[in-house]
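I opened the model to look up its salt bridges. My notes follow the structure.

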Amino acid sequence: MARNSDPLSPKPKLKHYFEYAAARSVNIVLGRMPVDAASNLLAAIGRAIGPRIRLSDRVRDNIRLVWPDIEKTRMEEIVRGVWDNFSRVGNDYWSLDKIRRDQDNRIEIVGAEHLDALRDSGKSGILFSGHMGNWEMVTLAARMRNLPLTVVYRPFNNPLIDRHVRDWQRGSGVELIMKGREGARRLTQVLKGDGHTIMLVDVRMNDGITAPFLGLDAMTPSAPAALAMKYDAMLVPVRVERTGPAHFRVTVEKPHPPVNTGNRAADILATTTWINDRIGAWILDRPEQWMWFHRRWGRNPKRNS
């Protein structure tokens, strides 16, 4: 059973033990299989079952928001692909140590020179990405290039599974800070120096700002833009694509300074819009690898004019 001595972890409830035991049992069985074979097995199950459950209706609704005239066959192709990738992500988490041990064969880094330049620049950097492919590979790619990284951490709902993932992240050599007041204070210290962090910014943030995302207004985190402006940090887009079972391509794009004309509100919006545009372009290119499950545009979406 997973230990729960970590001060970041809340005390697990009975249901968490059952969930962890079930997940661990599956992992023990899959762990006896080669990583790629286990990934393919879960993906086949996901493609067969996922499109039939109610959550897939939300996926379809979100896809229609972006492509109102999409053909049904294309819609279902994307939905099956979403479940394929999501199912493989589950296997990736339980196989993170195996992936890390074989990282040179499993992770291709395009644009590694941008990580190297940031590492040697003496400037702080904010890497940003989205829930595509498997976002944990951003952390691994950074450490493969010896880029120190501080990760702002939002825990899994199950503290036992959460502990498993956090132990792996620490084993990769990153500093973890919990999202919240103390985490914000530590992140400030990191960015005041020449430290680096990563943020996943493709989720709805009710206390963010309204910015266009895939043609619709979306409440979007403003922290990457605001922090980059305040601490003169570079913004680094990092895209993750799944190229096969437990194989990935991590594309690091050229670091970009925030817009800084002196009009703070307008600059934050312009920078945030640029961030959304980068993530949106990745999604348009490989829609089956994005997690369409959440209500990114809320319950009353409005098309951006």
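**Salt-bridge notes**

I started with Asp-97, which is partly exposed at 37% relative accessible area (the class between buried, under 20%, and exposed, over 50%; 1.4 Å probe, protein chains only). I kept in mind that this is a predicted model, where local features need pLDDT of at least 70, side-chain atom pairs count only at pLDDT 80 or more, and totals for chains, interfaces and linings use all residues. Residues are numbered from 1 along each chain as its sequence is written, and side-chain values use heavy atoms, with hydrogens and water left out.

I looked for the partner of Asp-97. Arg-100 forms a salt bridge with Asp-97 (a side-chain nitrogen of Lys or Arg within 4 Å of a carboxyl oxygen of Asp or Glu). Their closest N and O atoms are 2.8 Å apart. Arg-100 is partly exposed, at 23% relative accessibility.

Next I took Arg-106 and Asp-102. Their side chains meet in a salt bridge at 3.3 Å, N to O. Arg-106 is buried at 10%, whereas Asp-102 is partly exposed at 26%.

Then I turned to Arg-239 and Glu-241, which pair at 3.5 Å, N to O. Arg-239 is buried at 12%. Glu-241 is buried too, at 8%.

How many salt bridges does the rule give? I noted 22.
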